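Have it open while you read, and tell me where you disagree.

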Amino acid sequence: MPPTKRVSLTQYLVEQQREHGHIPSQLRLLLEIVARACKTIAISVNKGALGEVLGSADTENVQGEVQKKLDVISNEVLIEANEWGGHLAAMASEEMDSIHVVPHRYPQGEYLLLFDPLDGSSNIDVNVSIGTIFSVLRKVGHHRGVSEEDFLQPGRAQAAAGYCVYGPQTTLVLTVGTGVAMFTLDRETGSWVLTANEVTIPADTKEFAINMSNLRHWAAPVRRYIDECLAGKEGPRGKDFNMRWVASMVADVHRILTRGGIFMYPWDQREPDKPGKLRLMYEANPMAFLVEQAGGLATNGRQRILDIVPTKLHERVSVMLGSKNEVQRVTEYHQAAD
Ligand code: P6P
């Protein structure tokens, strides 16, 4: 619900620190710096063709995907913003093969920051909403140095998570484990203003988000779930459904946090060895943390995404998240099929 008086991100984080003891000062600094980096990215995104930031960077990332100029720019903004603060030990990004350890010229902190610097890149050149997704872990143990193994923690260990959606509004959405808050960028003052607090996803929905062009490749439980939605009022669900697919996870998840829905990017038979398209560490985990904090569910069809113990930094996962009763239903269809 919209707050009555104007609360800035800084005030919100100070109150979380003071009243809930949920945000040690290093985590508060980290979140303020990430929020500031998102503002910098928003400026580049909003320039579009005027900023010579569109099109391909003519390079490939670890996923073998052609990088857009804005992918590279956004990644560099986040790295440079977070290196010097003394709050981080290392960073990991969809755009980098291996982890980026904080250079020795700076103090090292206890946090690990993971991000997809610009998710939904295929939408950049066609002016459709895109976003930055981030996840915060703590470095566990008192060993010196930091390695990729330090990042391989289940999503339930996250200290914080969030995203920034670059759309008609620029909105930062985050959780530190005490619910979900949304901040809209006031471009006149350059500050993030609290515009929604205690965000809650309705348990039921009539809206599903999936790339229907993959229908023939899905496993039976997903086919069953979607076929029943398409059967509408005359079918077993007894109600009509609507479909949305932005092809930008941040935009689809933001809609679900705002009005409910179910988002699915399931395993499909085209590449049977790949569990799914989306990445566990810096796409599925942060979104699953946010969705659960808003009363929703997030599974891979069989288990809670936040319970998956990663084995590789860039591992992929099948994702079903959103309105609790719908995610529960499609997960039960998977379990019945097993
Ligand atoms: P498709 C964007 O590339 C992304 O990683 C997610 O943001 C989005 O939900 C999905 O892929 C879109 O995939 O196959 O529909 O283009």
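1. Start with Lys277: one of its polar side-chain atoms sits 3.0 Å from an oxygen atom of the ligand. That makes a polar contact, meaning a pair of N or O atoms within 3.5 Å. The protein covers 82% of the 400 Å² of accessible area that the ligand has on its own (Shrake-Rupley method, 1.4 Å probe).

2. Before going on, keep in mind that this is a predicted model, where local features need pLDDT of at least 70 and side-chain atom pairs count only at pLDDT 80 or more, while totals for chains, interfaces and linings use all residues. Residues are numbered from 1 along each chain as its sequence is written, and side-chain values use heavy atoms, with hydrogens and water left out.

3. Strands here are DSSP runs of at least two residues, numbered from the N terminus.

4. Now the sheets. Eight strands make an open, mixed sheet in the order E4-E3-E5-E6-E7-E8-E9-E10. E4 (100–101) and E10 (191–196) are its edges, each with a single partner strand, so one side of each has no neighbour in the sheet. Two strands pair if DSSP finds at least two bridges between them. E3 (residues 88–93) and E4 are antiparallel over two bridges, with Met91 opposite His100 in E4.

5. The other sheet to check is also open and mixed, with five strands in the order E12-E11-E13-E17-E15. Its edges are E12 (242–243) and E15 (297–299), each with a single partner strand, so one side of each is left without a neighbour in the sheet. E15 pairs with E17 (residues 319–322) in the antiparallel sense over three bridges, and Leu297 has Gly322 in E17 as its bridge partner.

How values were computed: A polar contact is a pair of N or O atoms within 3.5 Å; within protein, one must be able to donate a hydrogen and the other to accept it, and residues adjacent in sequence count only if both atoms are side-chain atoms. Helices (H or I, at least four residues) and strands (E, at least two) are DSSP runs, numbered from the N terminus.
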